Amino acid sequence: MIETSAEYAENDALPRRHEVHTNGEEGCSGAADLPQAVQRKPLKHKSQAEWAYERLVLYIQSFEEQLDNEHEVAMGLAGGQVGVLRIEGMGFFDPDILTFYGSEPGGKRTQLIQHVSQLNVMLRAVPKEPEQANAQRIGFRLVQELDKA
């Protein structure tokens, strides 16, 4: 397919996502499918950290939509000690740092600070804390916060 220079520039600037799964489901979305908060600021005006943060928020929300009420989202950690962090908060520090806040399975408070060039996140379903009536959904809160920004 031949594109005009204007079409090429627009397609280069618009975010899109494409997925294929073993069960035959396919997903493809463009800028129109993104929340207004994500579309408000052009990509060229976002830092690497802000753009990575926004996309992670959408992935976390999508992952949580597949969970039952007995499970919450966590992320697997790699490095010196492999572990799991129950995601209780997330943020970014321009231009290139992402921060994850949470706790380990034993309840110890944990914070991961990561450069976007080293970003490698594995989302995991973990059982909710037994004393909680409902599973916590951080993805919903993160998307609400994008709308406020």
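Biologist: Which residues does Ser 103 touch, leaving aside those up to four places away in sequence?
Modeller: This is a predicted model. In it, Ser 103 touches Val 84, Leu 85, Arg 86 and Glu 88, and also Lys 108, Arg 109 and Thr 110.

Biologist: With which side chain does the side chain of Ser 103 make a polar contact?
Modeller: That of Glu 88, at 2.8 Å. As for Ile 87, its C-alpha atom is 7.3 Å from that of Ser 103, although the two residues are 16 apart along the chain.

Biologist: Is Ser 103 buried or exposed, and why?
Modeller: Ser 103 counts as buried because its relative accessible area is 8%, and the cut-off for buried is under 20%.

Biologist: Where does Ser 103 lie in the secondary structure?
Modeller: Ser 103 belongs to strand 5, which covers residues 97-103. Strand 5 runs antiparallel to strand 6, residues 109-115, and seven bridges join them.

Biologist: Which residue in strand 6 stands opposite Phe 100?
Modeller: Leu 112 does.

Biologist: And what about the hairpin of strand 5 and strand 6: how many residues are between the strands?
Modeller: Five, and in this hairpin Gly 107 takes a positive phi near 95°.

Biologist: Changing topic, where in the protein chain is confidence lowest, and where is it highest?
Modeller: The lowest confidence is in helix 1, residues 5-13, with a mean of 54, while strand 5 has the highest, at 91. For the protein chain, the mean pLDDT is 81, and 79% of the residues reach 70 or more.

Notes: Residues are numbered from 1 along each chain as its sequence is written. This is a predicted model: local features need pLDDT of at least 70, side-chain atom pairs count only at pLDDT 80 or more; totals for chains, interfaces and linings use all residues. Side-chain values use heavy atoms; hydrogens and water are left out. Helices (H or I, at least four residues) and strands (E, at least two) are DSSP runs, numbered from the N terminus. Buried means under 20% relative accessible area, exposed over 50%, partly exposed in between (1.4 Å probe, protein chains only). Contact means heavy atoms within 4.5 Å. A polar contact is a pair of N or O atoms within 3.5 Å; within protein, one must be able to donate a hydrogen and the other to accept it, and residues adjacent in sequence count only if both atoms are side-chain atoms. Two strands pair if DSSP finds at least two bridges between them. pLDDT is the predictor's confidence in each residue, from 0 to 100.
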